[in-house]
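These are my notebook entries on what I looked up, one topic after another. I begin with the pockets and then turn to the rings and the charged side chains.

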Amino acid sequence: MKSIKYKLYNLLGIVFILFISCEGELDPEVFDKLSPSNYFQNAEDAKTAVTGVYSKVLEEYNRDFNARSPMMLNVSTTDEFDCAWRNTTWETYRKFLWTASTNLTTDVYSRFVKGISNCVGTIAQIEPIKMDETLKARYIAELRAIIGLSAYTLYDFYGPTAIVTDPEIVLDPTSDFNPEKPTKEWMINFIQTEARASANALPVSYGSQDYGRVTKGTALTVLLKLAMHEKDWEEAVTISQEIMDLKYYELQSSYISIFAVSNEQNKEIIQALPRNVSDHSNGWLAGVLPSEYVEPNGIPVQKWNGYKVPWDMFAKYEDTDKRLEALWAKMNTKDGIIDIRTLDASWVQYGAIPYKYSADPAGTGVDHGNDVVVFRYADILLLRAEALNNLNGPNQESIDLINMIRNRSEATPISLDQFSDQQSLDDYILDERFRELFLEGYRRQDLIRHGKFLSEAARRGAPAYDDHFLLFPIPQAVIDENPKIQQNPGY
């Protein structure tokens, strides 16, 4: 789709140490330092640098559904996901087999720590430039929003994380500074400070030429996610109201349209990663479609037959729920539309097909142009319903918020008298969040917050686990390089 072009330019001899390659080993020498040879000179340098940050920092949040992306780690370790490939990667997630030397789970650490340093250094290089001060302030606010999102991601996965926030250290290639692991209080305050500063300075929306950049809504969503993580229900209610009071976001009229090829700039999406067939594409369908599927419109689609939603989770929907347009128990084949559970194929046992991002008429097999959803308004409404329930027990506003979601999908509305206590409504909200947000990168956080992450793993037949699995391990390479950092308990 038409959007920011995510390209990293050479900047007048300024050399950034970039992220490690998708499949490469961790490089313990460049976790938190950059190596510029001089400073930016003009507004064009600033624009190019900020665009480069989007390319190498914000894009890491998804990495096109790569196994090492935060979105997929939040999915593949939970009850809403299975994979027909059954290879070492997905079995490591499913059975919680990771260690401090497992690149699958440590990759996020190295990339986001370096991403924060990239942002810190870029801000310091932009600040002295003589340029339009309003635009400069916006660029800096964008970078601070990306810092806030990156820091929250690290905190969610690894707990308080040793990051470098001093630009003099970041920009000094000779520095041997080793940061200490901060306190929980410091980490929370840092995320709040960066996200709030950016929320106060960023616009609610942009024109089409800047679609995909972080906005006020993005920064506020980071604050809301943090409040929910900390179970600060009053703060969550306040922030969710602030997002609603922007009077900008609204639910799409149909569920499937949220993820359609033409989904750019729809007002349900708070943060998107723009995709284009010819530039930076969306490869979701290749990962989910089985070989037996026939695309009825003749659009070329690659079919690798991997990601599935387990049948016991599929059973949480009513048969008439319109969200099943994106989660299939039936599909088109050479013999017409059939129930896939009747197929004599080994992959069928793993679950329903999460079509989610529909085929692009301009698609070329793997490559489709549907913009990837990072944050959207339905998530905000359900988080608000949950926070209100935890403050007040079952209440009419929570019911109304949930029904906004259910009415869109023509699911049966719920009523207040169905819930006798806070726990019963909380359980329902957890299920509704699955039904609405499946495979969007929220489930691990939801299960941990509801105290069910480990019990759901046990229910799926995995060995018993203790609380240390609520965090991932800090990379062993980081600890070897910096003895000030202690490993997370249990690893």
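**Entry 1: pockets**

I started with the second largest pocket, where α10 gives the largest share of the lining, three residues. I kept in mind throughout that this is a predicted model. The space in this pocket comes to about 340 Å³, and of the 20 residues that line it, Phe65, Asn66, Ala67, Trp90 and Tyr307 lie nearest its centre. The elements that give two or more residues to this lining are α3, α4 and α10. Sorted by class, I noted ten nonpolar, seven polar and three charged residues around the second largest pocket.

I then went to the largest pocket, which holds about 400 Å³ of space. Its lining also has 20 residues, and Leu324, Leu327, Trp328, Ala329 and Lys330 are the ones nearest the centre. Here strand β4 (residues 330-333) supplies the largest share of the lining, three residues. For the classes I wrote down eleven nonpolar, two polar and seven charged residues in the lining of the largest pocket.

**Entry 2: aromatic rings**

I searched the whole structure for aromatic pairs and found 33. One of them is the stacked pair of Phe96 and Phe453, with 5.4 Å from centre to centre and 25 degrees between the planes. Phe96 lies in the loop between α3 (88-94) and α4 (103-126), while Phe453 belongs to helix α16 (residues 453-459), so this pair ties together parts that are 357 residues apart in sequence. Both Phe96 and Phe453 are buried.

Arg435 lies over the face of Tyr428, at 5.2 Å from the ring centre.

**Entry 3: salt bridges**

My count of salt bridges came to 42. In one of them the side chains of Arg443 and Asp79 meet at 2.8 Å, N to O. This pair links distant parts of the chain, since Arg443 is in helix α15 (residues 443-449) and Asp79 in the loop between α2 (70-76) and β1 (82-83), 364 residues apart. Are these two side chains buried or exposed? Arg443, at 4% relative accessibility, counts as buried, and Asp79 is buried too, with a relative accessible area of 2%.

Asp107 and Arg111 form a salt bridge whose closest N and O atoms are 3.0 Å apart. Both residues lie in helix α4, four residues apart, which is about one turn of the helix, and both are buried.

Last, I looked at Asp312 and Arg459, which meet in a salt bridge of 2.8 Å, N to O. Asp312 is in helix α11 (residues 311-314) and Arg459 in helix α16, so the pair joins parts 147 residues apart in sequence. Asp312 is partly exposed, with a relative accessible area of 39%, and Arg459, at 44% relative accessibility, also counts as partly exposed.

Definitions and conventions: Residues numbered from 1 in each chain as written. Predicted model: local features only at pLDDT ≥ 70, side-chain atom pairs only at ≥ 80, totals over all residues. Heavy atoms only, no water. Phe/Tyr/Trp six-rings, centres within 6.5 Å; stacked < 30°, edge-to-face > 60°. Buried < 20%, exposed > 50% of the residue type's maximum accessible area, 1.4 Å probe, protein only. Lys NZ or Arg CZ within 6 Å of the ring centre and 35° of its normal. 1 Å grid on protein atoms, 1.4 Å probe; cavity = no way out; pocket = protein on both sides within 12 Å on 5 of 7 lines; lining within 4 Å. Points joined across faces, edges and corners; volume = space filled by probe spheres on them. Nonpolar A, V, L, I, M, F, W, Y, C, P; charged D, E, K, R; others polar. Salt bridge = Lys/Arg side-chain N within 4 Å of Asp/Glu carboxyl O.
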